[in-house]
Amino acid sequence: MTQIVYSPSTNETNIDLSPLPKQRPLLLIGHGTKDEQGRQTFIDFAEAYQKLDRSRPVIPCFLELTTPTIQEGVEQAVKQGYTDFSALPILLFAARHNKFDVTNELDRARSIYPEISFNYGRHFGITPSILDLWRDRLQELDAPENNPHQIPRSETVLLFVGRGSSDPDANGDVCKLARMVWEGSGYKTVETCFIGITHPRLEEGFNRARFYQPKRIIVLPYFLFTGVLVKKIFNITAQQQEQHPEISMTCLPEMGIHPNLLQVLREREIETQTGEVKMNCEMCKFRLAAGSGNVSHGHSHDHGHHHHHDHNHEAVDPYADVEQYHNKIWQAP
């Protein structure tokens, strides 16, 4: 069999959104990528959201790897005369970047501009709109053009691929979401793996999927936008298809600019304006470490740690070895 190349249906982004209680500027914070296509998609996502409501500026910026930086985004808003912002992390799960690195950058901006204040919002997390997005995509894969051999779901394994994090809380949410996508779907099973940092990695995920002797494997990269890692998932899937031609393999694309995501974004923005942001702090390893006296991490997010990276060289993967990973994972920096 050959790998099935799937393209999702075109989604209109002209949707109705609930009105904002306040016309407060929105700082839209992405992770950042070295991939220019991924960077541009995030910019386009911010522009699509801006077009739905021009009552306040939407300012895109990035935590790392590319520009504009968070500091540059804040500076842009300050130059426009604003001192009170909403700040939203465009991140799927509450890992280190969400809990620690972004908040450090916001603290640093406050030290430069003491007059400004932020209302920090919630990551996307596990929400019905995102579950519906993936269920719709999987439903399209049942169509004859995407499943020419008409392989039933009962002989298909889902391979759910997360980004991977050094935060067990976030990794656990990936597994939870994978299970929720699988529940009631009719697929033989779902295997969860990751493309970086934590384990099992993608290659091991394929090994586990093949254990069930499926006729079809559907790879679901749980990413918002394209980038280096999404393209790596596609490349590895193509290699696996060559090595195992007896199994039909389909790799779904990342979520992209989708109405469901814009709807979730609106909900998160309104939360910042009504004071209803709910953070998952119970399993935050920084909080647990603070309880043992190992690190200062109160959820006022005044961490005293600044996030610096030298991205001019290939970084060594400190989590490549599983044993080392287990030794590091619950440690807070």
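1. R135 and D132 form a salt bridge in which the closest N and O atoms are 3.9 Å apart. The term salt bridge is used for a side-chain nitrogen of Lys or Arg within 4 Å of a carboxyl oxygen of Asp or Glu. Side chains of opposite charge can pair when their charged atoms come close. R135 and D132 are 3 residues apart in helix α4 (residues 128–140), and are therefore separated by about one helical turn. R135 is partly exposed, at a relative accessible area of 37%, and D132 is partly exposed at 38%. Here buried means under 20% relative accessible area, exposed over 50%, and partly exposed in between, with a 1.4 Å probe and protein chains only.

2. The model is predicted: local features need pLDDT of at least 70, side-chain atom pairs count only at pLDDT 80 or more, and totals for chains, interfaces and linings use all residues. Residues are numbered from 1 along each chain as its sequence is written, and side-chain values use heavy atoms, with hydrogens and water left out.

3. R208 is partly exposed at 36% relative accessible area, and E204 is partly exposed at 35%.

4. Which parts of the chain does the salt bridge between R24 and D84 tie together? The side chains of R24 and D84 meet at 3.4 Å, N to O. R24 lies in the segment before β1 (26–30) and D84 in strand β3 (residues 84–89), so the pair ties together parts that are 60 residues apart in sequence. R24 is buried, with a relative accessibility of 5%, whereas D84 is partly exposed at 29%. The count of salt bridges comes to 17, and a network of them links D53, R56, R266 and E269.

5. D53 also takes part in a polar contact: its side chain is joined to that of S55 at 2.7 Å. A polar contact is a pair of N or O atoms within 3.5 Å; within protein, one must be able to donate a hydrogen and the other to accept it, and residues adjacent in sequence count only if both atoms are side-chain atoms. S55 is placed in the loop between α1 (36–52) and β2 (58–62) and is partly exposed, at 36% relative accessibility. When its neighbours within four places in sequence are left aside, S55 is in contact with L20 and Q23, where contact means heavy atoms within 4.5 Å. The C-alpha atoms of S55 and P25 are separated by 8.9 Å, the two residues being 30 residues apart along the chain.

6. Which residues of helix α7 are buried? They are V230, I233, I236, T237, Q240 and Q241. Seen down the axis of α7, these buried residues fall within an arc of 145 degrees, so they line one face of the helix; the arc is that of the directions from the helix axis to the C-beta atoms. On the other side of α7, E242 and Q243 are exposed. The cover over the buried residues of α7 includes β5 (156–162), α6 (202–211), β7 (216–221) and β8 (248–251).

7. Two backbone features deserve attention. Cis peptide bonds, with omega about 0 degrees, join T67 to P68 and H199 to P200. P68 lies in the loop between β2 and α2 (70–79), and P200 in the loop between β6 (189–194) and α6. Phi is near 50 degrees, a positive value in a residue other than glycine, at Q150 and likewise at Q213.

8. The overall figures complete the note. The protein chain has 10 helices and 8 strands; helices (H or I, at least four residues) and strands (E, at least two) are DSSP runs, numbered from the N terminus. Of its 333 residues, 54% count as buried. Among contacts in the chain with a separation of 6 or more, 80% are between residues 24 or more positions apart.
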